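Visitor: I would like to learn how to read a few features of a model. Could you take me through them in turn?

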Amino acid sequence: MISSRVFNSAAFRFCPRSVSGRVPTVRPTIGTRRDFSAEAKAIVFETNGKPLDVLKLHTFPLPDVTDDTILVKFLASPINPADINQVEGVYPTKPPFLTDVISSTTPLAICGNEGAVEILDVGKSVTQFKPGDRAIMRHTLFGTWRTHAIANIVDLTKVPFASSDITAVQAATASVNPTTAYRMLKDFVEMKDGDWFIQTAANSGVGRAAIQLGRLWGLRSINVVRDREDIDDLKRDLESLGATKVVTEDEIKDKGFRNTIKEWIGDREIKLGLNCTGGESTTNIARQLSTGGHLVTYGGMARKPVTVPVSLFIFKDIHLHGYWLTRWSDSHPDEKEQIVNEILGLLKGGELKDVPVDEVVWTADMSDQERLDAFKHGVGKYINGSRGRKQVLVHK
């Protein structure tokens with residue numbers, strides 16, 4: 001439980017991100033005040049490795065709230081592919097390994113980059129937030145797989161809608177997948193009403209967002225998914241979101257299927273391809289691009305290289321790009337905030353549907369082992385393929 005008005009003491013102030021936006025710092029402060037006393041629980045790892053082997057639960061006391069810091073309680077925190085890759089040690093950015101600020105003699109990293117929080121208390125110099133406000137993470141590498149944290153103003157973006165309009169899960173999942181889809185549809189090709197794009201993994205979080213944003217902007221889409229027993233149900237689901245056409249990987253690799261695609265698009269072109277798989281699937285959508293088309297890769301779920309025939313470069317002038325939302329977000333924080341608010345508004349208005357979610361629930365009466373088991377179960381579902389459903393840690 002969180003109690004009020006506990007003794008004043010000198011404490012370490014935890015700044016998960018400096019004003020420059022990069023390096024976590026620990027520095028002593030004197031004369032702090034504590035309006036709340038809270039014990040935080042976090043999913044951490046000591047060494048990189050297989051998530052189910054290295055993840056564990058760590059409990060630690062929070063530092064005092066100082067004049068310019070903020071005490072937050074996490075409401076929801078997704079388990080994203082980048083998070084898993086960071087645990088494995090194969091992602092370009094690395095979470096910081098901490099000791100003093102989390103009362104650990106062994107350096108531990110708290111993973112998780114996306115999340116929604118409730119403000120519990122603010123320092124007297126903080127005017128941008130007040131208790132009861134909700135916020136999402138402004139930057140990556142904060143460490144969101146936990147119950148509570150001390151944050152700074154630069155760490156948070158206020159959620160401009162009430163909880164009755166936007167749920168915690170909606171807020172927590174708005175800043176990565178939909179924003180990635182938004183920027184890729186805007187940044188590489190000038191897409192006009194009636195234009196076509198094609199994408200792999202169309203039932204992923206980014207894929208579903210791209211379908212819906214495309215519909216809102218008058219774009220048409222060819223959406224490639226893996227074949228499965230319930231393929232007809234999946235096709236109907238994506239078509240209900242606004243997918244123009246949904247095809248399987250087996251269908252798209254058939255050379256004769258190109259005539260079907262030509263019938264679909266008529267005199268239009270397929271200007272843009274979105275790829276998060278790699279391997280044969282990516283080669284197959286690259287072949288469908290029109291002359292001068294752009295293929296944008298933002299993921300590699302198949303863990304296979306992107307292979308494009310030389311003929312597509314020479315005779316069709318195909319352009320290949322990579323897209324990393326983290327890099328764009330760090331250099332465009334204000335624009336990122338505007339887009340996230342736009343996405344939240346679309347969710348509020350029902351114009352954008354949520355990504356399907358499996359909740360990994362933590363309750364106040366759960367033991368540490370129960371919390372860890374529940375979290376690992378969610379990670380295991382992700383690793384083993386969750387059929388397009390995002391795993392989200394939810395605190396109840």
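Visitor: Which residues have the most contacts inside the largest nonpolar core?

Guide: In soluble globular proteins, nonpolar side chains tend to be buried together. This is a predicted model. Its largest nonpolar core has 42 residues. M184, L185, F197, L272, L274 and Y323 have the most contacts inside that core. At least two core residues come from each of α3, α4, α5, β17, α11, α12 and β21. The top contributor is α12, with six residues.

Visitor: What is L185 in contact with, leaving aside its neighbours within four places in sequence?

Guide: Its partners are M191, F197, A210, L213, G214, W217, L219, L272 and L274. Another core, of 18 residues, lies apart from the largest one. F45, A109, V360 and L372 are among its members.

Visitor: At what angle do α4 and α12 pack?

Guide: Two packed helices are described by the angle between their axes and the distance between the axes. Here α4 (residues 177-187) and α12 (residues 333-348) pack at about 110 degrees, with axes 10 Å apart. So α4 is roughly perpendicular to α12. From α4, P178, T179, Y182 and R183 take part. They meet E335, K336, I339, V340, E342 and I343 of α12. The contact residues comprise five nonpolar, one polar and four charged.

Visitor: How many disulfides does the structure hold?

Guide: A disulfide is a covalent bond between the sulfur atoms of two cysteines. This structure holds zero. The sulfur of C111 has its closest cysteine sulfur in C276, 19 Å away, which is too far for a bond.

Visitor: Is C111 buried or exposed?

Guide: C111 is buried, at 1% relative accessible area. C276 is buried too, at 3%.

Methods: Residues numbered from 1 in each chain as written. Predicted model: local features only at pLDDT ≥ 70, side-chain atom pairs only at ≥ 80, totals over all residues. Heavy atoms only, no water. Axes fitted to C-alpha atoms, helices over the stretch in contact; angles between N-to-C directions. Helix = DSSP H or I, 4+ residues; strand = E, 2+ residues; numbered from the N terminus. Parallel < 35°, antiparallel > 145°, perpendicular 65-115°, else oblique. Contact = heavy atoms within 4.5 Å. Nonpolar A, V, L, I, M, F, W, Y, C, P; charged D, E, K, R; others polar. Core = buried A, V, L, I, M, F, W, Y, C linked by side-chain atoms within 4.5 Å. Buried < 20%, exposed > 50% of the residue type's maximum accessible area, 1.4 Å probe, protein only. Disulfide = S-S within 2.5 Å.
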